[in-house]
2 protein chains.
Amino acid sequence: MAKNKRKDVGAHESPSATPRQLAELLRVGKKFDLSRVDSSATPGFSGGRADGEVALALGAAQLSELQERLFAAGFSGSSNGRVLLVIQGMDTSGKGGIVRHVVGAVDPQGVQHTAFKAPTAEELAHDFLWRVRPRVPGPGLIGVFDRSHYEDVLIVRVHDLVPQAEWEPRYQAINEFEAELAAQGTAIVKVMLHISPAEQLRRLEKRLYRPDKYWKYSVADLDEHAYWAQYQEAYQAALTRCSAGGAPWYVVPADRKWYARWAVQSLLIDVLTKLDPVWPAATFDVEAERVRLKALLAAQGQ
Amino acid sequence: MAKNKRKDVGAHESPSATPRQLAELLRVGKKFDLSRVDSSATPGFSGGRADGEVALALGAAQLSELQERLFAAGFSGSSNGRVLLVIQGMDTSGKGGIVRHVVGAVDPQGVQHTAFKAPTAEELAHDFLWRVRPRVPGPGLIGVFDRSHYEDVLIVRVHDLVPQAEWEPRYQAINEFEAELAAQGTAIVKVMLHISPAEQLRRLEKRLYRPDKYWKYSVADLDEHAYWAQYQEAYQAALTRCSAGGAPWYVVPADRKWYARWAVQSLLIDVLTKLDPVWPAATFDVEAERVRLKALLAAQGQ
């Protein structure tokens with residue numbers, strides 16, 4: 001297990017990738033092949049776990065300021081921009097950790113979080129996007145999908161929950177849906193947290209030795225594990241068929257949680273930097289209001 | 001201005017109040033009189049701003065663990081408990097800061113945040129509780145209302161937005177609504193952040209000297225300021241008429257932001273401690289699953 005050593009070698013030789021560089025590095029391109037991605041790698045990051053945790057803490061301040069500006073611009077109507085972060089990945093890949101440690105660092109007022117579960121009977125009676133549309137973020141917000149409409153071409157495809165004739169057209173429907181969101185000013189960041197099957201088993205095993213984690217364990221998890229290859233195939237299809245310009249996929253190696261968190265934070269910083277929200281200008285006469293306030297304060301003996 | 005000194009004297013003489021003691025201290029009782037509350041006081045806290053910030057950081061870990069247990073119990077169906085935090089207060093009283101610095105410390109997945117704005121035409125066409133009901137938290141969640149159904153007996157009453165014959169019965173309707181929530185397992189914590197009129201003016205003035213805060217300023221704010229006395233009267237009525245056992249009001253002196261944040265965090269810790277959510281027991285044979293996992297890991301050469 002050279003697990004904690006391999007990246008420390010040469011840690012100080014080259015700086016880590018900028019958010020822009022990292023996005024290029026992790027972005028799913030035309031010839032993308034999921035089976036060739038090393039889930040234990042840390043592309044674009046020079047350093048080990050401790051460095052990663054420091055980088056995450058530093059990035060949090062930057063992300064938080066960008067988010068506040070986005071919120072202010074949306075609030076005042078000076079910008080139409082908003083962000084949608086879609087998080088996908090096999091069980092235990094760390095989706096919840098991204099929400100907690102990356103998204104959790106910004107003001108909750110500016111975040112709209114949705115965890116999509118198995119659809120209800122009512123949801124199943126509608127088109128698969130029916131339950132998704134009301135959850136897309138409004139101006140100024142960061143929408144977070146913990147699982148998403150992609151489940152309808154992942155678990156649904158792996159287990160034939162609907163016939164192929166029904167799931168096959170969904171790739172196209174998703175592309176149209178996301179193009180529509182992008183046209184309305186939504187910067188879409190789709191992240192697949194990529195772990196190895198062995199890493200999944202190790203994480204499941206850990207839950208069995210911590211009574212405070214039993215509730216996260218289900219015997220169905222191991223049954224699902226048996227479908228690993230089919231899931232990778234379904235991911236490969238989703239990643240390559242739904243990676244249009246306005247809604248790119250990023251595959252983030254996630255065997256190392258600290259790396260995945262840093263990487264997703266960088267991807268959010270990248271997309272917000274591109275949106276470049278600015279503090280709204282005053283819509284009132286600042287000087288006149290200052291005078292008015294001074295008078296009121298004086299009247300109160302202040 | 002002895003503002004930063006007064007509480008430092010004797011800071012180490014007595015320990016701060018426990019969450020339980022603080023709740024008793026701030027709770028609105030039968031003979032409550034808002035006009036007698038000192039908005040610059042720091043009841044139950046021994047120490048100054050720096051101590052308050054340390055206490056907040058320490059409390060965050062405790063709150064976070066309680067929240068996670070609540071979430072786990074709700075998720076697994078082992079408990080019906082949930083929390084509703086209602087935050088009210090005059091403009092600039094720090095409602096957003098509570099969301100950011102107190103609520104923001106827990107896992108966003110377990111929080112359902114709603115900022116109630118001026119009602120839409122559709123919302124006005126329904127009963128005042130119509131838009132509130134869908135936002136009450138489900139099991140395991142902490143619901144946060146930034147403003148709430150109380151606006152319908154505050155701004156509405158102050159400005160006669162509906163006739164008295166319409167707002168008068170709302171106190172009773174609110175009591176029934178909240179009793180219903182309490183009966184379903186909702187621990188309700190209603191907080192009024194209490195500032196002085198001078199403090200409001202100072203906070204508004206600050207916004208006029210920071211271009212990154214212009215967006216938070218509206219000329220209407222000063223117009224509203226003129227109704228201070230009427231608002232205090234409306235608060236007095238809401239606080240005393242809607243403070244039933246299952247849905248108490250707490251008036252939190254809020255001229256010092258650090259104190260208000262520490263106090264609201266303590267009130268949440270108090271209510272969660274009373275709910276006492278426990279980690280759900282395993283619903284499967286732990287030993288059998290460990291064996292199954294060990295075999296799968298061995299098969300992968302791990």
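**Exercise 1.** Helix α1 (residues 19–26) and helix α11 (residues 257–275), both of chain B, pack with their axes 8 Å apart and at an angle of about 110°. Work out how α1(B) is oriented to α11(B), and list the residues that make the contact.

*Solution.* Start with the terms. Helices (H or I, at least four residues) and strands (E, at least two) are DSSP runs numbered from the N terminus. Axes are lines fitted to C-alpha atoms, for helices over the stretch in contact, and angles run from 0 to 180 degrees between N-to-C directions. Angles under 35 degrees count as roughly parallel, over 145 as roughly antiparallel, 65 to 115 as roughly perpendicular, and the rest as oblique.

Now apply them. At an angle of about 110°, α1(B) is therefore roughly perpendicular to α11(B). On the α1(B) side the contact (heavy atoms within 4.5 Å) is made by Pro19(B), Arg20(B), Leu22(B), Ala23(B) and Leu26(B). From α11(B) come Tyr259(B), Trp262(B), Ala263(B), Ser266(B), Leu267(B), Ile269(B), Asp270(B) and Lys274(B).

Finally, sort by class: Ala, Val, Leu, Ile, Met, Phe, Trp, Tyr, Cys and Pro count as nonpolar, Asp, Glu, Lys and Arg as charged, and the others, Gly among them, as polar. The contact of α1(B) with α11(B) then has nine nonpolar, one polar and three charged residues.

**Before you go on.** This is a predicted model, in which local features need pLDDT of at least 70 and side-chain atom pairs count only at pLDDT 80 or more, while totals for chains, interfaces and linings use all residues. Residues are numbered from 1 along each chain as its sequence is written, chains are lettered from A and ligands numbered from 1 in the order in which they are written, and side-chain values use heavy atoms, with hydrogens and water left out.

**Exercise 2.** Describe how α2 (residues 49–76) of chain A meets α11 (residues 257–275) of chain A.

*Solution.* First take the geometry: the two axes come within 9 Å and cross at roughly 30°. That makes α2(A) roughly parallel to α11(A). Next take the residues: among those of α2(A) are Gly52(A), Leu56(A), Gly59(A) and Leu63(A), and those of α11(A) include Trp258(A), Trp262(A), Ile269(A) and Leu272(A). Sorted by class, the contact of α2(A) with α11(A) has 12 nonpolar, six polar and three charged residues.

**Exercise 3.** Find how chain B relates to chain A, then examine a helix pair that joins the two chains.

*Solution.* Superpose the copies by least squares on the C-alpha atoms of residues with pLDDT of at least 70 in both. The same surface serves both copies, as 100% of the contact residues of chain B recur in chain A.

Now the pair: the axes of α12 (residues 286–299) of chain A and α8 (residues 197–207) of chain B come within 10 Å and cross at roughly 155°. This makes α12(A) roughly antiparallel to α8(B). Leu293(A), Lys294(A), Leu296(A) and Leu297(A) face Ala198(B), Leu201(B), Arg202(B), Leu204(B) and Glu205(B) across the contact. By class there are six nonpolar, no polar and three charged residues in the contact of α12(A) with α8(B).

**Exercise 4.** How many residues of α8 in chain A are buried, and what covers them?

*Solution.* Recall the cut-offs: buried means under 20% relative accessible area, exposed over 50%, and partly exposed in between (1.4 Å probe, protein chains only). Eight of the 11 residues of α8(A) are buried, including Leu201(A), Arg203(A) and Glu205(A). The cover includes α9, α10 and α11 of chain A together with α12 of chain B.

**Exercise 5.** Is His225(B) buried or exposed, and what does His225(B) contact?

*Solution.* His225(B) sits in α9 (residues 219–225) of chain B. At 8% relative accessibility, His225(B) counts as buried. Leaving aside neighbours within four places in sequence, the contacts of His225(B) are Gln300(A), Pro197(B), Gln200(B) and Leu201(B).

**Exercise 6.** Locate Arg147(A) and Asp276(B), and give their phi values.

*Solution.* Most residues other than glycine have a negative phi. Arg147(A), in the loop between β3 and α5 of chain A, has a positive phi near 65°. Asp276(B), in the loop between α11 and α12 of chain B, has a positive phi near 45°. At 46% relative accessibility, Asp276(B) counts as partly exposed.
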